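Subject: Structure handed over, with notes on its packing

Dear colleague,

Please find the structure below, followed by my notes on what was found in it. I would be glad if you read the two side by side.

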Amino acid sequence: MAEKDADNKPDAEDEIPDELLKEWEREQDRMRQSLVDIDQLPDWDGPTLDGLRTVAGIDISFFKDSLVRAVAAITVLDFPSMKHRLTLAMDIRLTQPYKCGYLGFREVPWMCRLLDSVRREHPALVPQVVLVDGNGVLHPRRCGSASHFGVYADCPTIGVAKNLVFHTAERMNEKMFRAEHRDSLAHRGDSVPIMDDGGKVLGTAYVNADSCKPVYVSVGHRVGLETAVKVVQACSIHRVPEPIRLADLDGRSIVRELCGEDRMLAPPKGRDVRLEPCAEPEVAAATSDCPPTPVTGAAGGADDTATE
């Protein structure tokens, strides 16, 4: 049974035919063969981050009491200032079943459409790297959502997970991992490698905030782990890196507005989240030939109230 998280993701997995799971596993194996786990960055330098000008975060926020309807959002920021430049969002239906370890098949098609919209409508703001709320190679088959998206979209990606789900060491879970490394993850800037049973490093637990609760950074695609940690560090003010945090805030704001809720979390001063006309929800179903109309928003800074 999958653990429910703050984004209202399912706490129970769907029943999925064995043949579909086998098909998904074969596809993950194929993607893993195309995955690049070192820096392959045509216009910026990984070791120094020189040339990095635009970063993005992608997040999906669910409607209350729904495990199907959600808002997918991509937020583009200037680097290193973290000035907000663009948020595109879509009111979506997640038609694929939920299964822990296969989330990419449910969410990545919408992530690709969001990035395609940025590429088509805002070419000057195409991000040079995308931070994904999820795992990359820190995954049983080394192909989590961040890697899945990076390979499909052919863009550099980094996985940033709030919870440690895919630690492969025997009898190890997040609580045990943090207890074992309590002294090594005690201060902002501390980090600990996450290894599989054979000693291969799959990711890094990195402390971004004074809470000492780490995020779990892993290679997505075309960004090596050392560079990935540097990018996460440079993009972080609070525990969750700003590109993902602001995508989450914008997505949640749009969900509340679409629900017509009277009590909304007031956006911080200077932050403007706008909802433009979009397709009716039933038209915005996940079909290959009928994507929903993007919702666009503009925003400034934000506090950290909606991330934990």
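Leaving aside its neighbours within four places in sequence, which residues is V231 in contact with? Taking contact to mean heavy atoms within 4.5 Å, V231 is in contact with W44, L49, L52, V129, L131 and I158.

Before the rest, a word on conventions. This is a predicted model, in which local features need pLDDT of at least 70 and side-chain atom pairs count only at pLDDT 80 or more, while totals for chains, interfaces and linings use all residues. Residues are numbered from 1 along each chain as its sequence is written, and side-chain values use heavy atoms, with hydrogens and water left out.

Overall picture

The protein has six helices and nine strands, taken as DSSP runs (helices H or I of at least four residues, strands E of at least two) and numbered from the N terminus. Of its 308 residues, 56% are buried, where buried means under 20% relative accessible area, exposed over 50% and partly exposed in between (1.4 Å probe, protein chains only). Among contacts between residues at least 6 apart in sequence, 66% join residues at least 24 apart. The protein exposes about 13900 Å², of which carbon and sulfur atoms supply 49%; the areas come from the Shrake-Rupley method with a 1.4 Å probe, and for residues only the protein chains shown count as cover.

Nonpolar cores

A nonpolar core is here a set of buried Ala, Val, Leu, Ile, Met, Phe, Trp, Tyr and Cys residues joined through side-chain atoms within 4.5 Å. The largest such core has 37 residues, and those with the most contacts inside it are V55, V129, I158, V217 and V231. Two or more residues come to this core from each of α1 (18–34), β4 (129–133), β5 (157–161), β8 (215–221), α5 (225–234) and α6 (242–259), and α5 gives the most, with five residues. A second, separate core of 27 residues includes I60, L86, W110 and V130.

Aromatic rings and charges

Rings of Phe, Tyr and Trp (its six-membered ring) pair if their centres lie within 6.5 Å, with planes under 30 degrees apart counted as stacked, over 60 as edge-to-face and the rest as tilted; by this rule there are two aromatic pairs. W24 and Y102 form a tilted pair, 5.7 Å centre to centre with 35 degrees between the planes, and this pair links helix α1 to the loop between β3 (84–93) and α2 (103–121), its two residues being 78 residues apart. W24 and F105 form a stacked pair, 4.8 Å centre to centre with 5 degrees between the planes, which links α1 to helix α2 across 81 residues. Ring pairs thus link W24, Y102 and F105 into a cluster; W24 and F105 are both buried, and Y102 is buried with a relative accessible area of 6%.

A charge sits over a ring if NZ of Lys or CZ of Arg is within 6 Å of the ring centre and within 35 degrees of the ring normal. The charged end of R69 sits over the ring of F63, 4.0 Å from its centre, and that of R113 over the ring of W110, 4.9 Å from its centre.

Helices α2 and α1

Helix α2 is mostly covered, with 14 of its 19 residues buried. In helix α1, by contrast, Q33 counts as exposed at 62% relative accessibility.

Best regards
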